[in-house]
Amino acid sequence: MKYLKYFAIALLVIIIDQAVKMIVHYEMDFGTPGQIKVFGDWFKLHYTTNPGMAFGMQIGSEYGKLLLTSFRLIAMFGIGYYLYYIIKKNLHPAYIVCISMILGGAIGNLVDSVFYGVWLNNAPYNAPTPWLHGQVIDMFYIDIWEGFIPEWVPVWGGSYTALWPIFNIADASIFVGVTIILIFQGRFFKEELAPKKEEEVDEIQKQFIEGEENV
């Protein structure tokens, strides 16, 4: 039962992520014409796709997408096993929830990459095969700023872009999970570190006692 509830969190993230993506795909127009303002001009629903990583980042090569999808497959099994391991070790429940969210987000975007090229026919025109080349659907747009970035700026220079990339439920789940772990890592791992410190103190006391006896 303790395993089921945490893997159920990952499954819930996947279901919500895929449901939202399907609604966006079938009910919204692509791009700016279909854009919906939610809170003024700064938060919008904007249907777009990206062939790369989370938050629209990409690997620039002919086989970049294939490598990325393969990596996601390996990562999915790795995170899944790690989740099983930390549940078995009874680590901090909030930490386990965070890993569950990360797993759900990783699988959510993996489904797009593996199947959407076939199911939704959204693979890039030059993809060698629609399988494993599906584009990820994004929809949440926080419009803080957009404009042309100067050429001298590394990586993003010379392009017209938005300050905050468009993202989806899977991206948000991964981001929130990682952020919470970074903020509360001291609390999450305190229980693991405490026994080690006690062992170190016991060892020091033992050496001190032995030293006095030798004197």
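I'll start with the core. The largest nonpolar core in this predicted model has 30 residues, and those with the most contacts inside it are Leu-83, Ile-86, Tyr-95, Ile-99, Ile-137 and Ile-181. By nonpolar core I mean a set of buried Ala, Val, Leu, Ile, Met, Phe, Trp, Tyr and Cys residues joined through side-chain atoms within 4.5 Å. Buried is under 20% relative accessible area, exposed is over 50%, and partly exposed lies in between, with a 1.4 Å probe and protein chains only.

Which elements give two or more residues to this core? They are helix 1 (2–27), strand 2, helix 2 (64–88), helix 3 (93–119), strand 3 and helix 4 (169–188). Helix 3 gives the most, with 11 residues. Helices (H or I, at least four residues) and strands (E, at least two) are DSSP runs, numbered from the N terminus.

Take Leu-83 from that list. Apart from neighbours within four places in sequence, Leu-83 is in contact with Tyr-6, Phe-7, Ile-96, Ile-99, Ser-100 and Leu-103; contact means heavy atoms within 4.5 Å.

A word on how this was done. Residues are numbered from 1 along each chain as its sequence is written, and side-chain values use heavy atoms, with hydrogens and water left out. As the model is predicted, local features need pLDDT of at least 70 and side-chain atom pairs count only at pLDDT 80 or more, while totals for chains, interfaces and linings use all residues.

Strand 1 (residues 36–39) is joined to strand 2 by three bridges. Lys-37 stands opposite Lys-44, and Phe-39 opposite Phe-43. Their hairpin has three residues between the strands, and Gly-40 there takes a positive phi near 60 degrees.

Why is strand 2 largely enclosed by the rest of the structure? Because seven of its eight residues are buried. Strand 3 (residues 136–142) is also largely enclosed, because six of its seven residues are buried.

Note on methods: Pairing = 2+ DSSP bridges.
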